[in-house]
Amino acid sequence: MSADREESSNQNSNQPLFQPNEEAVSQIMSLGFSRNAAIRALFYTGNLTADQAADWILENTDKNLDTPLEADLQGTSDSSDEDDFLTSDTFKMVFVVNSELNMGVGKVAAQVAHAALNLFRNMMEDELKAEMLMAWGHLGETKIVLRGESTLQLETLAAQAAVLQLDHFLVQDAGHTQVASGSRTVLGLFGKVEDVNRVTGNLKLL
């Protein structure tokens, strides 16, 4: 190896495996979370906003969030091709709730569950999509619930997801409680973080 190539290799080996959004790290830490927790959350939610990362932390309090992220990333550096697939991309599942229906908390929870189960079942029928779900599970099963403004918005987002070939499921309620039959209550989407953000990145947390 030439001296130039060796120097370049050494420089690359000294680079951190992940560069967090430092502004978001500061915002998350101001909420009382540790720096390690903030960095892990940003990694698993696409390194975008403090809100999404904080939501991920609250959903993963059963994990040791103070472990440095490098422990996860370096632990897979010498793994098999299958393990490389599991950690090469980050995925998330997002749910957009139709706020114009004014559903109660319990109704919203049930509708989000409908979206998650149907989306999961549909994807499990395809071997490649099932592997994507395995990767998602390996990296913390990031789930985000967002506020949608109307039925029209949910339908528009579903159409955008279809164009991008993102897996999605739009719940159409039977109308037994609270809302009229056929109401579009929740849109569930799954895919690579950057692809899902192209559809829902401008929405606020519920």
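## Terms and basis of the model

A residue is called buried when its relative accessible area is under 20%, exposed when this area is over 50%, and partly exposed in between, as found with a 1.4 Å probe and protein chains only. By this definition Thr-45 is buried, because its relative accessible area is 1%.

The structure is a predicted model, in which local features need pLDDT of at least 70 and side-chain atom pairs count only at pLDDT 80 or more, while totals for chains, interfaces and linings use all residues. Residues are numbered from 1 along each chain as its sequence is written, and side-chain values use heavy atoms, with hydrogens and water left out.

## Overall composition

The protein chain contains 10 helices and four strands. Helices (H or I, at least four residues) and strands (E, at least two) are DSSP runs, numbered from the N terminus. Along the sequence, their order is α-α-α-α-α-α-β-α-α-β-α-β-β-α.

Of the 206 residues in the protein chain, 39% are buried. The chain exposes about 11300 Å², of which carbon and sulfur atoms supply 48%; accessible areas come from the Shrake-Rupley method with a 1.4 Å probe, and for residues only the protein chains shown count as cover. A contact means heavy atoms within 4.5 Å. Among contacts between residues at least 6 apart in sequence, 71% join residues at least 24 apart.

## The sheet

The four strands form an open sheet with mixed pairing, in the order E2-E1-E4-E3. Strand E2 (143-148) and strand E3 (167-172) are at the edges; each has a single partner strand, so one side of each is left without a neighbour in the sheet. From one strand to the next, the twist averages 20°. Two strands are said to pair if DSSP finds at least two bridges between them. In general, strands of a sheet pair through backbone hydrogen bonds, either parallel or antiparallel.

Strand E1 (residues 91-98) and E2 run parallel and are joined by six bridges. In one of these pairings, Asn-98 has Gly-148 of E2 as its bridge partner. Helix H10 (residues 193-200) packs on the sheet and touches E1, E2 and strand E4 (184-192). The direction of H10 makes about 145° with that of E4; axes are lines fitted to C-alpha atoms, for helices over the stretch in contact, and angles run from 0 to 180 degrees between N-to-C directions.

Thr-45 lies in the loop between helix H3 (35-44) and helix H4 (50-59). Apart from neighbours within four places in sequence, Thr-45 is in contact with Gln-52, Ala-53, Trp-56, Thr-142 and Val-193. Thr-45 and Val-193 are 148 residues apart in sequence, yet their C-alpha atoms are 6.8 Å apart in space.

Thr-185 belongs to strand E4 and is buried, at 0% relative accessibility. When residues up to four places away in sequence are not counted, the contacts of Thr-185 include Val-96, Val-97 and Asn-98, as well as Gln-111 and Val-171.

Helix H7 (residues 105-124) has 20 residues and reaches 29 Å from its first C-alpha to its last. This is close to the 28 Å expected at 1.5 Å a residue, the expected span being 1.5 Å times one less than the number of residues. The buried residues of H7 are Lys-107, Val-108, Gln-111, Val-112, Ala-115, Leu-119 and Met-123. They cover an arc of only 135° around the axis, which puts them on the same side of H7; the arc is that of the directions from the helix axis to the C-beta atoms. On the other side of H7, Gly-106 and Arg-121 are exposed. The cover over the buried residues of H7 includes E1, helix H8 (127-138), E3 and E4.

In H10, the buried residues include Val-193, Val-196, Asn-197, Val-199 and Thr-200. They lie on the same side of H10, because they cover an arc of only 160° around the axis. Their cover includes H3, H4, E1, E2, H9 and E4.

## Two loop residues with positive phi

Most residues other than glycine have a negative phi. Asn-102, although not a glycine, has a positive phi of about 55°. Asn-102 is placed in the loop between E1 and H7 and counts as exposed, at 66% relative accessibility.

Gln-165, also a residue other than glycine, has a positive phi near 60°. Gln-165 lies in the loop between helix H9 (151-163) and E3, and is exposed, with a relative accessible area of 71%.
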